[in-house]
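Please read them beside the model.

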Amino acid sequence: MKIRTAALGLIAALALTACGGDADPAETAAPDVDETTAAETSAEETSAEETTGEETAAPTESYSIGVATIVSHPALDAVQEGFKEAFAEAGYAEGEGVTFDIQNAQGDQATLTNIANTFASSDHDLFLAIATPTAQSLATVIQDRPIVFAAVTDPVAAGLVASWDAPDANLTGVSDLNPMRAQLELIQEAMPDVATVGIVYSSGEVNSEVQVAEAEKAAEELGLEIRSATVTNSSEVQQAADSLDVDAYLIPTDNTVVSAAEAVIQVAEQKQAPVFASDEATMERGAAAGLSVNYLQQGRDAAAVALQLLEGAEASSIPVETQTEFDLFVNVEGAKAQGLELPEGIVSRATTQF
C-alpha cells in the first residue's frame, strides 16, 4: 500500500520512540503571512507546501479501517479520538482518504466475537483494537491484515505478541501498562497509616490479572495488604467493592470496573475509604487521585504505527510502544467526600486538578 506524499512528512512527527513519554508530537507552525496581500486559503496552501515540500494533492489511496472497542468509557473513547485526530493531521480526514468502521461491544464478549468475525470477512485494510479483550478477539480470526492495538496492558501475557521488542505477528501497538508500585506509594504518601488496599477487577481481563499480581508483589515490599474481589460484568462492581473491608481502593485499568467507576466511588464515600485510579477520566469522575497515561496520546501513537503499516512496514518488526512518564491527577473535592484531605505536597505537583 502507499501513502500519499503529503502524509509521509507527518509520520515522523507523529511517531514516538518505543519508550516514549506522553508529550504531544511536535506541530508544524503556520508561516507568517502578510494579511494585506494573502487570503487565509493562500496561507494554508503555503503552510502545506512548507511542511511537505510540495503542493498538497488529493489522496491517491483511500483506506478503510475497522475500529473495535470492548466498551465505551472516557479513557477508551480518548484513544479513538486521538487516533482519528492524528490521521486527519496526516492528511486523512474521515471520508477524505480514509473511512472508519467503528464498532463497540458494549462490554459483551459474544458481541465482541461477532464484531471480530465480521471484520475478518470485511475488506478493511487495517484494524484498530482498543483494549486487551478486543485485541485478543481480533487476533484470533484475523491473520492476513495488520492489527494495531492500544490501551493493552501486557501484550505478551495476553498472548498477542512473542515479545515487546519483536512482536513476530501481524499486530503491534501501544501499551498502557500502569505503574502499580508507584500507585501504592502515592496511596501511602496520601494516607501514611494505610494498611489495606482493595482492588475490584474483572476475572475475564488478563490485563487486570497482570496488574493485580504486580500490585500484590509491590504491596508485600511496601508493607501493605491487597484485598481483591472479582466481577464478570459491570453490574457486579458495587457489590464487590462493598464486600471489601479496606482503608483505600485502587481501580486498575480494568475496562469492566472503569465503566462502572461511580459504583466504587459511591461505596468509598459511604465507607470513607478513598479511591485511587489509573486513568484520568476516573479521577475526573470523583476518584481522589492517581497516576495515568495520556489516552489521547495512546490513540495518536497508535495512529503513527498504523501509518507505518499502511506504508508497507511489517507489524512483526515494529516494537510495542510504552509510556514511561505518567501524569498525576487529583480531585480535591472527591477526596474530601471520601474522608481524605490530600496533602499539599501531592496537590502542588499534580498535572491536573479537578
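1. The model is predicted. I start with the space left inside. The largest cavity holds about 80 Å³. By the rule used here, the count is two cavities of 30 Å³ or more.

2. Thirteen is the number to check for the lining: 13 residues surround the largest cavity. Leu 76, Asp 176, Thr 253, Asn 255 and Tyr 295 lie nearest its centre. Two elements, α3 (74-89) and α9 (255-258), each give two or more residues to this lining.

3. Six of its residues are polar, five are nonpolar and two are charged.

4. The second largest cavity has a volume of about 30 Å³. Its lining consists of Gly 198, Ile 199, Val 200, Tyr 249, Leu 250, Ile 251, Val 257 and Val 264. Strands β8 (196-202) and β10 (248-251) each supply two or more of these residues. Seven lining residues are nonpolar, one is polar and none is charged.

5. Now the packing. The largest nonpolar core has 56 residues. Those with the most contacts inside this core are Ile 65, Phe 83, Phe 87, Leu 138, Val 148, Phe 149 and Leu 160. Helix α12 (residues 295-311) contributes the largest share, eight residues.

6. Which residues does Leu 160 touch, leaving out those up to four places away in sequence? They are Ala 135, Gln 136, Ala 139, Val 152, Pro 155, Ala 169 and Leu 171.

7. A second core is separate and has 31 residues. Among them are Met 180, Ala 248, Leu 340 and Ala 350.

How values were computed. Residues numbered from 1 in each chain as written. Predicted model: local features only at pLDDT ≥ 70, side-chain atom pairs only at ≥ 80, totals over all residues. Heavy atoms only, no water. Core = buried A, V, L, I, M, F, W, Y, C linked by side-chain atoms within 4.5 Å. Buried < 20%, exposed > 50% of the residue type's maximum accessible area, 1.4 Å probe, protein only. Helix = DSSP H or I, 4+ residues; strand = E, 2+ residues; numbered from the N terminus. Contact = heavy atoms within 4.5 Å. 1 Å grid on protein atoms, 1.4 Å probe; cavity = no way out; pocket = protein on both sides within 12 Å on 5 of 7 lines; lining within 4 Å. Points joined across faces, edges and corners; volume = space filled by probe spheres on them. Nonpolar A, V, L, I, M, F, W, Y, C, P; charged D, E, K, R; others polar.
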